[in-house]
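Here is a short briefing for a first look.

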Amino acid sequence: MSSKRIPKVNELIKKELGKILIEEVDFPDNALVTITRVETSPNLIQSKIYVSVIPEDKTEKVLELLNNQIYFIQQKLNKLLKMRPIPKII
C-alpha cells in the first residue's frame, strides 16, 4: 500500500466522524468534544479514534455515550465513505 494512503484515510475518517458527531450525537450540556487524532492500522481493518472532552468532569459521561452509540456511528460512517475496506472504529 502507498505510504500516503493511511494519512489520507485518517484525515477522511476524522472529517466524516466530526460531521457525524455534530449532527447525530447529543452530548451533555456544555461539553465540548473534539476528535484529536485518528490512527488507522496499515491493513485498514481498524481505526482508533482519540477524543478530547472539555470540561474534564464530563469525560466519563461522553465516552460512555460514544461507546453506547458506536454501532450507530459506524453505520453512518459506512454509508458516507466510498472506500473498501472501511475500518472498524474503536
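The largest nonpolar core has 22 residues, and Ile13, Leu17, Ile49, Ile73 and Leu77 touch the most other members. Such a core is a set of buried Ala, Val, Leu, Ile, Met, Phe, Trp, Tyr and Cys residues joined through side-chain atoms within 4.5 Å. This is a predicted model: local features need pLDDT of at least 70, side-chain atom pairs count only at pLDDT 80 or more, and totals for chains, interfaces and linings use all residues. Residues are numbered from 1 along each chain as its sequence is written, and side-chain values use heavy atoms, leaving out hydrogens and water.

- Two or more core residues come from each of helix H1 (5-24), strand S1 (32-40), strand S2 (46-54), helix H2 (59-68) and helix H3 (70-80). Helices (H or I, at least four residues) and strands (E, at least two) are DSSP runs, numbered from the N terminus.
- H1 gives the largest share, 6 residues.
- Beyond neighbours within four places in sequence, Leu77 contacts (heavy atoms within 4.5 Å) Ile13, Glu16, Leu17, Ile20 and Ile89.

**Gln74**
- Gln74 sits in helix H3.
- Gln74 counts as buried because its relative accessibility is 13%; buried means under 20% relative accessible area, exposed over 50%, partly exposed in between (1.4 Å probe, protein chains only).
- A polar atom of the Gln74 side chain lies 3.2 Å from the backbone oxygen of Pro87.

**Sheet**
- Three strands form an open sheet in the order S1-S2-S3, with mixed pairing. Strands pair if DSSP finds at least two bridges between them.
- S1 and strand S3 (88-89) are the edge strands, each pairing on one side only.
- S2 and S3 run parallel, joined by 2 bridges.

Conventions:
A polar contact is a pair of N or O atoms within 3.5 Å; within protein, one must be able to donate a hydrogen and the other to accept it, and residues adjacent in sequence count only if both atoms are side-chain atoms.
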